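Student: I would like to work through this model with you, moving from the annotated sites to the pocket and then to the parts around it. Could we take it one question at a time?

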Amino acid sequence: MSFDRSLKIAPSILSADFANFGQEIEAIEAQGCDWVHVDVMDGHFVPNLTFGPPLCKAIRKHIDTVMDVHLMIAPVDPYIDAFAEAGADILTAHLESGPHIHRTLQAIRGAGCKAGLALNPGTGVEDIDYLLDMVDLICVMTVNPGFGGQKFIHSQIDKVKKLRAMIGDRPIHIEIDGGVTPQTAPLVVDAGADVLVAGSAVFKGGSVDNPAPYGDNMRAIRAAVAG
Ligand code: DX5
Ligand code: ZN
């Protein structure tokens with residue numbers, strides 16, 4: 001994975017047909033997505049349950065781009081090796097997931113993955129100074145994690161600006177997760193984001209039998225940003 005700050009769209013398969021992940025992933029890649037975002041939830045750190053390493057391993061062979069795994073779980077450390085072995089390119093853990101995020105980020109890189117750090121909407125940027133040189137991506141949650149289809153939280157735009165200034169020349173992606181639409185995407189890209197996760201805004205109106213809307217939806221986001 002080489003680093004650049006060009007716009008990347010990462011559809012969240014949380015909004016895909018759960019009975020058909022393989023074909024859904026192939027459809028969004030054929031329609032031009034950049035990464036595939038995989039939301040892992042444990043029913044404890046967040047109030048929803050999705051899936052774990054075996055499913056990640058099963059879908060890995062359908063992903064030609066980048067497997068971006070968002071861990072909404074606590075604790076994280078006991079599961080890092082399993083997600084790495086499942087083929088994750090990026091493993092993102094939450095700052096709020098436990099008292100030892102520094103150790104968690106070390107372990108993610110130690111397992112051979114790019115390390116992501118996610119921040120809940122209520123979390124400030126004050127505590128990340130000593131983590132900046134250990135991360136490849138910072139994920140700004142623009143909804144409270146747990147569910148797709150929620151409303152974008154505008155106060156997070158200011159956080160993105162602060163992070164962009166803190167990052168400077170470091171090769172760290174700023175990813176936005178939650179409520180991304182053609183309306184909200186330009187706000188966060190202007191503030192400094194380069195990776196946009198989008199679930200409902202990408203998958204709406206389409207299916208594996210009718211994948212063209214996935215492409216239309218992604219082009220609408222790119223056009224809004226470019227405009
Ligand atoms: C929320 C997840 C998101 C979610 C985004 O906890 O981390 O990735 O699927 O969904 P939308 O784009 O529908 O807000
Ligand atoms: Zn996510």
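Student: Which strand holds Asp 177, and is the residue buried or exposed?
Tutor: This is a predicted model, and in it Asp 177 has a relative accessible area of 8%. Because the cut-off for burial is under 20%, Asp 177 counts as buried. The strand that holds Asp 177, covering residues 173-177, is S7.

Student: Which side chain makes a polar contact of 3.2 Å with that of Asp 177?
Tutor: Leaving out residues up to four places away in sequence, Asp 177 touches a set of residues that includes His 37, Asp 39, His 70, Met 141 and Val 197. One of these neighbours is also joined to Asp 177 through a side-chain polar contact of 3.2 Å, and that partner is His 37.

Student: Where does UniProt place the feature "binding site" that includes His 37, and what is the largest C-alpha distance among its residues?
Tutor: The unreviewed UniProt entry places this feature at His 37, Asp 39, His 70 and Asp 177. These positions are spread over 141 residues of sequence, yet they cluster in space, with a largest C-alpha distance of 10.4 Å.

Student: How is His 70 placed, and what is the length of the polar contact between its side chain and that of His 37?
Tutor: His 70 is found in strand S3, which covers residues 67-72, and it is buried, with a relative accessible area of 1%. Leaving aside neighbours within four places in sequence, its contacts include His 37, Asp 39, His 94, Met 141 and Asp 177. The side chains of His 70 and His 37 are joined by a polar contact of 3.4 Å.

Student: What is the volume of the largest pocket, and which residues lie nearest its centre?
Tutor: The largest pocket has a volume of about 250 Å³, and 26 residues line it. By class, the lining has 11 nonpolar, 13 polar and two charged residues. Those that lie nearest the centre are Phe 147, Gly 148, Gly 149, Asp 177 and Gly 178.

Student: UniProt also lists Ser 12, Gly 146 and Gly 199 under "binding site"; which residues of that list does the lining of the largest pocket include?
Tutor: The list, again from an unreviewed entry, names Ser 12, His 70, Gly 146, Phe 147, Gly 148, Gly 149, Asp 177, Gly 178, Gly 179, Gly 199 and Ser 200. Of these residues, the lining of the largest pocket includes Ser 12, His 70, Gly 146, Phe 147, Gly 148, Gly 149, Asp 177, Gly 178, Gly 179, Gly 199 and Ser 200.

Student: Where is Gly 199 found, and with which residues is it in contact beyond its sequence neighbours?
Tutor: Gly 199 is found in the loop between S8 and H7. At 15% relative accessibility, which falls under the 20% cut-off, Gly 199 counts as buried. Once neighbours within four places in sequence are set aside, the residues in contact with Gly 199 are Ser 12 and Ser 15.

Student: Where does Gly 146 sit, and which residues does it contact away from its sequence neighbours?
Tutor: Gly 146 is found in the loop between S6 and helix H5, the latter being residues 156-167. With 2% relative accessibility, Gly 146 is counted as buried. Leaving aside neighbours within four places, its contacts are Met 41, Val 46, Asn 48 and Met 72.

Student: How many residues of helix H1 are buried, and what covers them?
Tutor: Helix H1, residues 21-30, is mostly covered, with seven of its 10 residues buried; among them are Phe 21, Glu 24 and Ile 28. What covers the buried residues of H1 includes strand S1, strand S2, helix H2, helix H7 and helix H8.

Terms used. Residues are numbered from 1 along each chain as its sequence is written. Chains are lettered from A and ligands numbered from 1 in the order in which they are written. This is a predicted model: local features need pLDDT of at least 70, side-chain atom pairs count only at pLDDT 80 or more; totals for chains, interfaces and linings use all residues. Side-chain values use heavy atoms; hydrogens and water are left out. UniProt positions are given in the numbering used here, feature names are shortened, and annotations may be inferred rather than shown by experiment. Helices (H or I, at least four residues) and strands (E, at least two) are DSSP runs, numbered from the N terminus. Buried means under 20% relative accessible area, exposed over 50%, partly exposed in between (1.4 Å probe, protein chains only). Contact means heavy atoms within 4.5 Å. A polar contact is a pair of N or O atoms within 3.5 Å; within protein, one must be able to donate a hydrogen and the other to accept it, and residues adjacent in sequence count only if both atoms are side-chain atoms. On a 1 Å grid over the protein atoms alone, a cavity is a set of points where a 1.4 Å probe fits but cannot get out, and a pocket is an open set with protein on both sides within 12 Å along at least five of seven lines; lining residues have an atom within 4 Å of a point. Grid points are joined across faces, edges and corners, and a volume is the space filled by probe spheres set on the points. Ala, Val, Leu, Ile, Met, Phe, Trp, Tyr, Cys and Pro count as nonpolar, Asp, Glu, Lys and Arg as charged, and the others, Gly among them, as polar.
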